Amino acid sequence: MPKTIIVSNRLPIKISKADDEYVLSPSEGGLATGLGSIYKQDNNVWIGWPGIEIIEQQDKDHVSQQLKELSLIPVFLDQEEINQYYEGFSNEVLWPVFHYYASTYANYKQSNWDYYQAVNQKFRDIILSIAEPGDIIWIHDYQLLLLPALVRSELPDVSIGFFLHIPFPSHEMFRLIPWRSELLEGMLGADLIGFHTFDDVRHFLGATSRILPVNTSSNIITMDERSIVVESFPMGIDEQKYATLPLQDDVKEQIELIKNNFKDTKLILSIDRLDYSKGILQRLQAFELMLELCPECIEKITFYMIVVPSRDTVPQYAHLREEIDKRVGNINSIYRTMDWTPIHYYYRSFPIETLSALYHTADVCLVTPMRDGMNLVSKEYVASRTNNDGVLILSEMAGSSKELIDAIIVNPNNTGEVCRAILEALSMPLEEQQKRMIPMRQLVSKFNISHWVKIFFDRLKEVKLMQRSMQARHVSFATEQSIINRYIKTKKRIIFLDYDGTLVSFKSNIDQASPDQELYNIINKLSEDPSNQVVLISGRKHENLDEWFKHMDIYLIAEHGSWFKRPETHWHKITGLSDQWKHDIYPILETYVDRTPGSFIEEKTYSLAWHYRKAQNGLGELRASELMNNLKYLASDKGLQLLAGDKVLEVKNMDINKGKAALSLTEGKDYDFIIAFGDDYTDEDIFKALPEAAITIKVGSNLSAAKFYLRNPTEVRKLLTSFTQHTTVEVN
């Protein structure tokens, strides 16, 4: 029976050693809660590191057996692997770069990268030992970016989802990593790649299209003949858990205790893990500014600040803790009175019951990270406000700010703005608090952790169905044999061949895409068969086609059908067409050439083409979109058509298209075998115009009106070569 395999750096348990025995306790993280319903079902499993180094084999066997009973499979790491893969590469390269602290904290050390690869391979080996056809593998977070491709190379048809729980940086930041290509290729082993926000999706697509030779269309990346979907899935929390905790007796007691302790003050709460990305020092600075500007707040407010210990043996984290301690000490020493301390600061973790009591009681929750993937504290606070009161102050740099738009949204770098936000929150009327809190509670309730898991899995299934529908249309071996058999049995055939992108690969310089000897041989052999009429139908200038193919016994159609040349005759063009419109269009195209380095204009008899294949990636597409918008009304008035091709935008007479040209050669003829190959938008006219019995083949796996597709010109040539090996004479 197919199973789901969840893979993350850490298992959803804590392991501690007491009296030579390993003790397991459940983790209370959001991911552990959300995926608990999955990995505990049927024969599903969760793979990850147990969190501590276990050296002795007998201990490993014992722990593995304990974990197996919980549907967990360990990946054991030694201390050097932990130091270099986890502390080194994951937290000294990926974490700072992805949080925009590359210049301050990133350390690009080769040995760290070597260990990162080795540990990802270790995870792969564990997956391969249990994975079977039909399984779904869901890989999580930045420690395992290489894993999807490592698994894909061994299990090409398996369903793989990947989710990144931290922000994905802009291309400018990401490209600083020396191993950027390998990391992207690793992620692209997945079928579905998920992020918290649409900004992360845009950044990933931008980095991928600039760094790797892949095609991107909307949110779909095509690589190695596979389509990978990239989408945002904002993560939720177990909303019911946080909404019901305040109803428990032990939590009620703590709520009363907090209210009594702070009965004469308003309570501001912040909860963070110790990290430079959380903006703790900047938050303290804003709080101090508020006390300075608003002396009447003294003894009226209390800042309850929890910092959960994290990596404080690492020098920069130890230094950050020292700075926090100093800043808190300074503020308290300046503003403390006999009966009041402005900041209650705790450097430790708290049980969830205490956190629930604080969430339920605090008048204001201050969540101001400098950069954060989602930040679930903000959602936990909202879910805990069962009276629909309280105010959330939220950093615009947190992913949750894209959803919780009724919070007071601030720029955490703007100390004055954060200070003003605290004052606004403290004085906000109850009616306004409820007006903001109710829609946020509804949102957190609907888009909870179960919803997040469900929509990700539903989307992954849709992506696999889409991929399989594409595979079904690909000219597989069986389909190829069927086409060849039809070819053999027929006596009067017409073969339509596009040129660029179909018979020859795409070149950055259009003049370099001239035919090679292999192509000449294939076309010669096809045209030598008396049963075949070979038609080369291209958007190229007729001068180009004449130079390359005038000596061959084939029909040539140039410039999308405005020029024709029958075998052994001269070129002739369609009559009654005007090119006067060029005087108006050419200057517009010239302005875009001036604004877009690397672009150029190609003039044909009845069309103008603006090429941007040499322009900077992204800039060309942007200018092409602008140009389309600028020209569409003018083109419509003048009876012109705009064609967006591969790195080209063409303006031509509406009366000219490849479909009409193809029809003029097939109508009234009794061809018993019609086949057409093409790779871009202009070839769709042929696919639509030809009769139902025709075989139409798109080159490249994009959406098309064609019945089948081949991946590249190499596959086209292979099929055409198969035709040449079966002549009518042989059949007779």
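Okay, let's start inside: 24 residues line the largest cavity, and D500, H611, R613, V648 and D680 are the ones nearest its centre. Before going on, remember that this is a predicted model, where local features need pLDDT of at least 70, side-chain atom pairs count only at pLDDT 80 or more, and totals for chains, interfaces and linings use all residues. Residues are numbered from 1 along each chain as its sequence is written, and side-chain values use heavy atoms, with hydrogens and water left out.

So what is a cavity here? On a 1 Å grid over the protein atoms alone, it is a set of points where a 1.4 Å probe fits but cannot get out, and lining residues have an atom within 4 Å of a point. The search of the whole structure turned up three cavities of 30 Å³ or more. The largest cavity holds about 350 Å³ of space, where a volume is the space filled by probe spheres set on the points, and grid points are joined across faces, edges and corners.

Who builds the lining? β24 (607-611), β25 (640-645) and β26 (648-653) each put in at least two residues, and β25 gives the most, with three. When I say strand or helix, I mean DSSP runs numbered from the N terminus: helices are H or I with at least four residues, strands are E with at least two. By type, the lining of the largest cavity has six nonpolar, seven polar and eleven charged residues. For that count, Ala, Val, Leu, Ile, Met, Phe, Trp, Tyr, Cys and Pro are nonpolar, Asp, Glu, Lys and Arg are charged, and the others, Gly among them, are polar.

Now zoom out. The chain is divided into domain 1 (4-232), domain 2 (239-440), domain 3 (473-574 + 656-725) and domain 4 (580-653), with bounds from an automatic or database domain assignment. Where does the largest cavity sit among the domains? Domain 3 and domain 4 both give residues to its lining, so the cavity lies between them. The centres of domain 2 and domain 3, taken over C-alpha atoms, are 68 Å apart.

Five of its five residues are buried, so β28 is largely enclosed by the rest of the structure. Buried means under 20% relative accessible area, exposed means over 50%, and partly exposed is in between, with a 1.4 Å probe and protein chains only. I695, I697 and V699 sit on one side of β28, T696 and K698 on the other, and all are buried.

What are its neighbours? Strand β27 (residues 673-678) pairs with β28 in the parallel sense over four bridges, and A676 has T696 as its bridge partner. Two strands count as paired if DSSP finds at least two bridges between them. β28 is also joined in parallel to β29 (residues 708-710), by three bridges, with I697 opposite F708. β27, helix α25 (residues 684-689) and β28 form a right-handed β-α-β unit; right-handed means that, with the strands pointing away from the viewer, the path from the first strand over the helix to the second runs clockwise.

These strands belong to an open sheet of eight, in the order β22-β21-β20-β19-β18-β27-β28-β29, with mixed pairing. At its edges are β22 (572-573) and β29, each pairing on one side only. Inside that order, β19 (residues 532-537) and β20 (residues 555-558) run parallel over three bridges, and V535 stands opposite Y555.

Over to β7, residues 159-163. Here too, five of the five residues are buried, so β7 is largely enclosed by the rest of the structure. S159, G161 and F163 point one way, and I160 and F162 the other. β6 (residues 136-140) pairs with β7 in parallel over five bridges, with I136 opposite S159. Between them the chain passes through helix α6 (residues 147-154), in a right-handed β-α-β crossover. Three bridges join β7 in parallel to β8 (residues 192-195), and F163 stands opposite G194.

Most residues other than glycine have a negative phi. Y100 has a positive phi of about 70° without being a glycine. Y100 lies in the loop between α3 (79-98) and α4 (102-105) and is partly exposed, at 25% relative accessibility. E299 also has a positive phi, about 70°, and is not a glycine. E299's loop runs between α12 (280-293) and β13 (301-308), and at 37% relative accessibility this residue is partly exposed.

Technical notes:
1 Å grid on protein atoms, 1.4 Å probe; cavity = no way out; pocket = protein on both sides within 12 Å on 5 of 7 lines; lining within 4 Å.
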